[in-house]
Amino acid sequence: MAAAVSGPEVAAEGQEPLLSPGEADEEDSGRDVVETQEHYKSRWRSIWIMYLTMFLSSVGFSIVIMSVWPYLQKIDPTADASFLGWIIASYSIGQMVASPLFGLWSNYRPRREPLVISTAISVAANCLYAYVHVPHSHNRYYMLAARALVGFGAGATSLMERTSTMANTSACQAVGFILGPVFQTCFTLIGEEGITWKLVQLQLNMYTAPVLFAALLGVINIILFFSIFREHQVDDMGRQCKSVNFEGEESNIPDQDAEGNIDHVAVVAINFLFFVILFVFAVFETIATPLTMDMYSWTRKEAVFYNGIILSMVGIESVIVFMVVKMLSKKTGERAILHGGLLIVLVGFFILLPWGKKLPNIQWQEIKNNSIPRTAATEMLMPFWSLQATPLPSNHTVEPVGCPVTQSWCLNTPMIYLAQYISSDILIGLGYPVCNVMSYTLYSKILGPKPQGVYMGWLTASGSGARILGPVFVSQIYTHLGPRWAFSLICGVVVVSLLLLEIVYKRLIAFSVRYGRMQEENC
């Protein structure tokens, strides 16, 4: 998120001030004016708006993650699981395209402008998603376009500079990713049919209600931008700074604390680790619904509802982790905690590998028109999940359940037991927030007081690339080779990241520590 505000703790060593040009005249006294109490309160109100915007942007990505696959099956039965990856990745593709455009805009204009416009685009795109059922054909491509536009609207969230609130901003982003499915769970109570407003052809159901809710939150966010948000910047002495576009004589004054070169090996290493962290979590969110529908014969509604409950618990766990991890890092150091977080993620995916002998229930009935004659081998398989026998609501259309026979691996790959799945969710939900916050914190310390716009662009690109490749990778591998190959490859990626962390471990230190201006407290 555009952390256009920063506290007096570490504010702007080598960083351009972030006060809008329109307010620069009010700050003519420049760096000699100590921040007033009113200015301080206004700045922190703006910081909280930034937190909220980053949270809502992340929620916009994840609020439909659990329901994209069931909704896609409903509106376009011709789509297969491999197309699901492209739909989820389209969000990050849109964000990657928009980020440099909004960044260029913010270099010349107050940041409120791109933030408001980007939020408005997200609102419109969410409304478009609610109407993807209307066309008579090619519905999957309309869904793809809608998600890409939502991502494009989230492009302004990359306008972030290094500030004392950076770790909190990343925490809000990660919490948004995790809690999005929680909102989705609440909307499953509406059901698949829901209610229809024929005048405007709007269906309000468990698939469209979340995006309409996200659109409403976006409108509220825009109102807050106009009514509360102000751009501010103070230095580490609590003195007000000038405009984000201000260039004066003082910009040429060398900063002794900024003397020295950034360790680019450490920068590249953190970017790779950050890529892996977001990659595995994108895989985790993408595959949850198809996996549980295949393994436990859950219906579309059951998959969204039960996964939402599971991820709600994981979300609560992650919030607690966020609260604890920063305090713990002061005692053990960020590198050790990052190492531990990656180990936890590795164990989480290792547990998810198929181990038993029991096969999943096979879905012999084809969703597509061409049927495949088979022997009645399903009679030999007992249902694993007892809730699948629960009678469906009267307004619910009977749908085929189980692992589709078109996925050849279903005939020879053991099922993943529910205990495995829940245990994996708990471990990944524990490891992801730890790795997310620690990677951000280490990156900020490695860069130190140097100007960081380009470096933050690299980190944003790494995250976007991970959220593009993760869903596409897992949907293709899972559909054609099955969960054993998909999760084994993920374990291999995490092992490589752990080896890299071991190699560069001693280089992941703060800029000031590297040049002897400060002693490292933790190893």
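A residue is called buried here when its relative accessible area is under 20%. In this predicted model, that term applies to eleven listed positions of helix α11, from E334 to F349. The points below cover that helix, the nonpolar cores and the cysteines.

**Helix α11**
- Helix α11 runs over residues 334–351, 18 residues in total.
- From the first C-alpha to the last, α11 reaches 26 Å, close to the 26 Å expected at 1.5 Å a residue.
- Its buried residues are E334, R335, I337, L338, H339, G341, L342, V345, L346, G348 and F349.
- The cover over these buried residues includes α9 (264–296), α10 (300–332), α12 (418–447) and α14 (483–504).

**Nonpolar cores**
- The largest nonpolar core has 115 residues, and M143, F349 and F487 touch the most other members.
- Helix α9 supplies the largest share of this core, with 20 residues.
- Another core, of eight residues, lies apart from it and has I49, I222, F225 and F229 among its members.
- Beyond its neighbours within four places in sequence, F487 is in contact with I287, L291, F349, L352, L353 and I416.

**Cysteines**
- One disulfide is found in a search of the whole structure.
- C403 and C410 form a disulfide, with their sulfur atoms 1.8 Å apart.
- The link between C403 and C410 is left-handed, with -55° about the S-S bond.
- Both C403 and C410 are buried.
- C435 counts as buried because its relative accessibility is 1%.
- C491 also counts as buried, because its relative accessibility is 8%.

Conventions:
Residues numbered from 1 in each chain as written. Predicted model: local features only at pLDDT ≥ 70, side-chain atom pairs only at ≥ 80, totals over all residues. Heavy atoms only, no water. Disulfide = S-S within 2.5 Å. Buried < 20%, exposed > 50% of the residue type's maximum accessible area, 1.4 Å probe, protein only. Helix = DSSP H or I, 4+ residues; strand = E, 2+ residues; numbered from the N terminus. Expected span 1.5 Å × (residues − 1). Contact = heavy atoms within 4.5 Å. Core = buried A, V, L, I, M, F, W, Y, C linked by side-chain atoms within 4.5 Å.
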